[in-house]
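Please look over the sequence and the structure shown below before reading on. The report that follows describes how the parts of this model are arranged.

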Amino acid sequence: MPELPEIEILKRHLEPRLEGSTIQGVTVFHPRSVRPDTPEKLLEVLADRRIQTVQRRGKFIVLQLSLNGRDSHSQLIIHLGMTGRLFLEPASASIRKHTTVSLSLGKQALILKDMRKFGRFTVDTTSIDKLGLDPIDDSLTTSYLFSRLQSSRQSIKVKLLDQHIIAGIGNIYAAEALFESRISPNRKAHELMRTDCARLIRAIKKVLKKSIRFGQGLDLDFAGDTPSNGLFYFGSHGTRSAGSSERFAVYGREKNPCRICATPISRTILASRATFWCHSCQPN
Ligand SMILES: [Zn+2]
């Protein structure tokens with residue numbers, strides 16, 4: 001599943017291509033992909049709206065919409081789920097297999113293709129209303145994180161995945177940030193000291209920013225039938241995935257030597273999720 005860096009890259013690619021476009025129509029091929037809205041509701045809210053800005057909140061893309069030059073206070077929330085991919089195609093292009101929603105923008109169409117259908121296009125803001133702080137802006141402070149961890153007996157790894165505390169971190173970057181900060185994923189959240197929180201925040205910012213730089217340096221991952229079919233997502237298509245995972249220090253590297261101390265990387269399951277760490281660099 002794409003995490004903050006992948007969505008940030010996607011947002012940066014979409015910004016110049018979508019801002020200023022007007023939504024002329026919406027075609028819903030799979031109603032599940034617009035839940036909790038109905039296709040009718042989606043069309044009613046989106047029709048004739050102009051895309052004012054393209055933003056990112058955690059792992060969500062948010063299109064701010066205006067109507068007749070005024071802020072319409074409506075937003076289109078996009079989440080890619082497990083297998084969602086966005087395409088920007090000529091309006092005349094034929095419909096791809098697994099297309100779930102298509103937004104007509106005049107000469108082009110913004111398309112969500114999603115094999116497993118966990119991705120969503122919705123105008124319901126519930127999923128972003130209670131998101132926590134964004135880890136790459138300055139609002140995330142040691143005091144904030146320390147206070148949010150104080151009352152929890154869950155592991156720090158599980159708390160990093162809690163989007164109500166910090167929005168945008170998933171399984172990959174939780175593992176990478178904990179390794180970078182030399183904190184064991186098994187440590188109880190309330191046991192972290194202020195200094196641990198400060199180190200963890202620095203590590204989170206470092207691994208996310210490094211990954212964004214990596215993504216910006218990649219060519220667009222064109223996966224369509226013609227060169228104009230841009231797939232605005234990197235990291236999990238064809239041969240790209242191998243190159244992407246090489247940059248990780250612990251994620252997906254079970255039994256491989258730690259790059260710091262050569263201890264084999266451990267893998268365990270925490271709250272049903274695979275967790276990778278070096279038990280020597282990150283003692284419990
Ligand atoms: Zn190590």
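Axes in this report are lines fitted to C-alpha atoms, for helices over the stretch in contact, and angles run from 0 to 180 degrees between N-to-C directions. Helices (H or I, at least four residues) and strands (E, at least two) are DSSP runs, numbered from the N terminus. Residues are numbered from 1 along each chain as its sequence is written. This is a predicted model, in which local features need pLDDT of at least 70 and side-chain atom pairs count only at pLDDT 80 or more, while totals for chains, interfaces and linings use all residues.

**Overall content and confidence**

The protein contains eight helices and 11 strands. A residue is called buried if 20 or more other C-beta atoms, placed from the backbone, lie within 10 Å of its own, exposed if 12 or fewer do, and partly exposed in between; of the 284 residues of the protein, 37% count as buried. Two residues are in contact if their C-beta atoms, placed from the backbone, lie within 7 Å, and among contacts between residues at least 6 apart in sequence, 65% join residues at least 24 apart.

Confidence is given as pLDDT, the predictor's confidence in each residue, from 0 to 100. The mean pLDDT of the protein is 89, and 90% of its residues reach 70 or more. Among the elements, α5 has the highest mean pLDDT, 98, whereas strand β9 (residues 230–231) has the lowest, 46. Over residues 221–243 the pLDDT is below 50, although in the model this stretch has 43 contacts beyond near neighbours in sequence.

**Helices that pack on α7**

Two packed helices are described by the angle between their axes and the distance between the axes. Angles under 35 degrees count as roughly parallel, over 145 as roughly antiparallel, 65 to 115 as roughly perpendicular and the rest as oblique. The axes of α1 and α7 come within 9 Å and cross at roughly 40°, which makes α1 oblique to α7. The contact is made by Leu-4, Pro-5, Glu-6, Glu-8 and Ile-9 of α1 together with Leu-208, Ser-211, Ile-212, Gly-215 and Gln-216 of α7.

Helix α4 (residues 142–149) also packs with α7, at an angle of about 120° and with the axes 9 Å apart, and α4 and α7 are therefore oblique to each other. Here Thr-142, Leu-145 and Phe-146 in α4 meet Arg-194, Cys-197, Ala-198 and Ile-201 in α7.

α6 is mostly covered, with nine of its 10 residues buried; among them are Ile-172, Tyr-173, Leu-178 and Phe-179. What covers these buried residues includes α1 (4–18), α5, α7 (194–216) and β11 (273–277). Arg-182, which follows α6, has a positive phi, near 60°.

Asp-162 lies in the loop between α5 (156–160) and α6 (171–180). Is Asp-162 buried or partly exposed? Asp-162 counts as partly exposed because it has 15 C-beta neighbours inside 10 Å. The C-alpha atoms of Asp-162 and Gly-132, which are 30 residues apart along the chain, are separated by 8.4 Å.

**Strands and their pairing**

Two strands pair if DSSP finds at least two bridges between them.

| Strands | Sense | Bridges |
|---|---|---|
| β1 (residues 25–28) and β6 (residues 99–104) | antiparallel | four |
| β6 and β7 (residues 108–114) | antiparallel | five |
| β3 (residues 60–67) and β4 (residues 70–79) | antiparallel | seven |

Within these pairs, Thr-27 has Ser-102 in β6 as its bridge partner, Ser-104 has Ala-109 in β7, and Val-62 has Ile-77 in β4. The hairpin of β6 and β7 has three residues between the strands, and in this hairpin Gly-106 takes a positive phi near 90°.

Four strands form an open sheet with antiparallel pairing, in the order β2-β3-β4-β8. β2 (50–57) and β8 (120–122) stand at the edges, each with a single partner strand, so one side of each is left without a neighbour in the sheet. From one strand to the next, the twist averages 20°. Helix α1 lies across β2 and β3 and runs at about 170° to β2.
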